[in-house]
Amino acid sequence: MMEPQGKEQGTPDRLTKTQEMVYELTVGEVMASKMVTVGPDQSMSEFRLLLRDNHISGTPVVENGKLVGMVSIEDLINALYDNAISAPIRERMKSKVECLYVDELLVHCIAKFSKLGYRRYPVLNRNDELVGIITKGSIVEGLLKKLEIEYEQSEKKAALTRQRPTMKKFFEDVTADEISFTFRYNVAGQDLKEAGKAASELKNALKKMGICAPLLRRIGVATYEAEINLASYTKGGEIRAQVEKWGIIVEAIDKGPGIPDIERAMQPGFSTAPEWVRELGFGAGMGLANMKKCADEMELKSSVPDGTHLTMQFHYTS
Amino acid sequence: MKLIDLVKEFGLEVKAGSGHLDNDVTGGYVSDLLSDVLAHAEDGVLWVTLHIHQNIVAVASHKGLSGIILVQGRVPEQDTMAKAEAENIPIMVTDLSAFELVGRLYKAGIRGA
């Protein structure tokens, strides 16, 4: 039976995955249930055509739903040799047949293959009805399929449990006099069509760096609002994000026209949005308030007509 | 409840993201102010709006919404549908008004977050 083959050096003597699987899989799980059968009264020459057309080398012989024998290419060669190609299959088949049961473990089946040397075995259910056929090929196929399923499952599990290295951990592990990651995105003014792109690109980049989802969401929303402001009210500008040891800084810097009254601009509901911005569902005077809610720290500096510089800080939570 | 259940029950026309109708709907939110949605909609909620431009997809994506329903048979812009496909955000359309649709969603068990 399944003896450990080719033991690897240094590894303890333990069951391999394949050896484990032959104790889990049943004959029924790997057998082919779709098969070609013949009747005992068909001739050997008919059997020859059947082999040719189906690319097989043997098949069960069935009479009134019951298995009565097995016939193979070997029987065909013998019939040719005996000049008995027209003889009914009944006379040339093997009627003493070794069978396997559908609920037997694969390990028993493999033992039978190596002990008896037949190339295929009919598979019966416990009512002795023929339900399938098993060959070495179907065993290999069955094992591979099971391996594939288990591999996929373990991959999925690994993906779920895989700990992304957090940026905090990264900074702990790496030493330099100065480390900085900066992301910079240009944002066009007076155009809301492309607005949101920088925020989502930044969010993707930070996600790849292992920033956790809740923080990522806050940064995404705040950056999106900042970007909408650049696109709605300014002559254009840029979004800059810097990844630091303690957290992330997002800046929105524009080229004007600047905010005359910052205090007023910060009030929820206050807006100077033009009609085209309002039509798109923006300009309700909530943007800055939203950003303030998302960020841990926010600073807004502006001078007319040079432009506005918004700085938001987000701290790592874990 | 999943989006697909609502699509069936209310005969919603799926305009984009048809591969993601098994998204779980954890609640609902109605607003035509994008900043309001950004501020108040929660993860997994279904958003009812009349906006058809592509910024709605960005908002839904940033907030992790389960989907968007456009009311009054409004047709999303081509860019909006393309972006929704890219960002995996389902967009559905109903002929009902927002008031009518929300009433029925509520009756079906969807609650405000």
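Me: How many residues of chain A are in contact with chain B?
Reply: Two residues are in contact if their C-beta atoms, placed from the backbone, lie within 7 Å. Here 18 residues of chain A are in contact with 14 residues of chain B. This is a predicted model: local features need pLDDT of at least 70, side-chain atom pairs count only at pLDDT 80 or more, and totals for chains, interfaces and linings use all residues. Residues are numbered from 1 along each chain as its sequence is written, while chains are lettered from A and ligands numbered from 1 in the order in which they are written.

Me: Which helix of chain A gives the largest share of the side that touches chain B?
Reply: Helices (H or I, at least four residues) and strands (E, at least two) are DSSP runs, numbered from the N terminus. Helix 10 of chain A gives the largest share, five residues.

Me: How do strands pair in a sheet?
Reply: Through backbone hydrogen bonds, either parallel or antiparallel. Two strands count as paired if DSSP finds at least two bridges between them. In chain B, five strands form an open, mixed sheet in the order 1-5-4-3-2. Its edge strands, strand 1 (13-16) and strand 2 (27-30) of chain B, each pair on one side only.

Me: Which strand of chain B runs parallel to strand 3 of chain B?
Reply: Strand 4 (residues 67-70) of chain B, joined to strand 3 (residues 45-49) of chain B by four bridges. T49(B) stands opposite L70(B).

Me: In which sense do strand 1 and strand 2 of chain A pair?
Reply: Antiparallel, over six bridges. They form a hairpin with two residues between them. N64(A) in the turn has a positive phi of about 50 degrees.
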